[in-house]
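Please open your viewer and get the selection tool ready. We will take a short tour, one stop at a time.

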Amino acid sequence: MKDHLLRFATQDGTLRAAAAVTTDLVESLRQLQGTDPTATVALGRLVSGATIMGSLLKGDQKLALMIEGNGPLRKLHAETDASGHVRGSVQVPVSGIPPTANGFDVPAAVGRAGFLHVSKDLGLKEPYRGMVQLYSGEIAEDLAYYLTTSEQVPSSVALGVYLEQDGRVAAAGGLLVQALPGGQDALIELLESRLVALPPLTTLLREGQDPEQILRHLFADVPLGKAEKIPVTFRCNCHRGQIRALLKGLGKEELEALAGQEEATVVTCEFCQKKYSFSRQEIRQLRAELLEMPGRTDSP
Ligand code: ZN
């Protein structure tokens with residue numbers, strides 16, 4: 001089953017839902033980031049969460065999630081847009097936390113204390129930024145907690161990553177159901193009870209059920225609006241200009257130190273691992289541009 005996202009709302013517009021299969025995406029991230037199994041599951045959950053939250057975007061809007069916890073993974077990033085392009089990274093890809101009898105101890109890898117940061121570029125002057133403390137470190141609960149408390153939309157989130165014995169990703173996906181104002185209590189209760197009774201998402205995906213079948217089952221007998229299907233793909237939009245800006249952000253003293261080194265400066269994109277090489281000449285040029293910039297002081 002090819003990675004994709006399906007989204008729709010009920011006909012009365014009081015409930016909206018999205019489900020995604022992200023198996024190939026999470027497997028490519030595992031290979032790019034070199035994650036161990038517990039880190040694969042943690043990063044897989046976060047990017048699957050970003051994917052389903054991406055169903056709420058339109059046009060050129062973008063969403064970035066970042067978890068910063070006191071566990072060994074330290075920081076996890078996931079970014080997406082309205083077209084199903086997703087990228088993700090983890091600062092420390094090897095958690096060192098072995099699988100448990102019932103799966104993976106994601107809160108131990110992420111950390112039980114920390115923050116979930118949400119940044120949304122909605123095409124306005126400044127991006128919207130939100131932050132909540134980690135609720136459990138399980139990630140699905142943390143995202144649901146953020147959506148329900150910070151964005152004040154009661155939300156249910158399920159995320160799943162299932163690994164083969166050798167650590168490869170066998171199935172991954174996410175599910176989001178949101179209750180909008182004006183909904184009938186009876187309908188919300190029906191959905192809640194069906195969500196509780198729903199088998200794990202990865203079980204359904206491994207049985208070959210696609211997001212549409214999962215959502216149709218969940219919303220059986222509820223009149224639905226038109227569904228929209230969006231392909232989900234890994235895409236990193238890094239480019240040399242961005243890396244130049246990042247290097248400039250280091251300040252003139254740091255650039256001077258880099259320009260004094262024998263070797264070229266190589267910056268690796270944390271998402272796609274592409275390497276950008278800058279010669280000493282180019283670093284000197286960046287430093288010169290920095291000095292020419294008016295009204296800017298980099299060092300005291
Ligand atoms: Zn990149």
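A residue here is called buried when its relative accessible area is under 20%, exposed when it is over 50%, and partly exposed in between (1.4 Å probe, protein chains only). The model is predicted, with local features needing pLDDT of at least 70, side-chain atom pairs counting only at pLDDT 80 or more, and totals for chains, interfaces and linings using all residues. Residues are numbered from 1 along each chain as its sequence is written, and side-chain values use heavy atoms, with hydrogens and water left out.

Start by selecting Cys 269, which is buried at 5% relative accessibility. Cys 236 sits in the loop between strand S11 (233-234) and helix H8 (240-248), and Cys 269 in the loop between strand S12 (265-268) and strand S13 (275-278); helices (H or I, at least four residues) and strands (E, at least two) are DSSP runs, numbered from the N terminus.

Next, move to strand S3 (residues 62-69), which runs antiparallel to strand S4 (residues 75-81) with 7 bridges; strands pair if DSSP finds at least two bridges between them. Pick Leu 63 and you will find its bridge partner, Thr 80, in S4.
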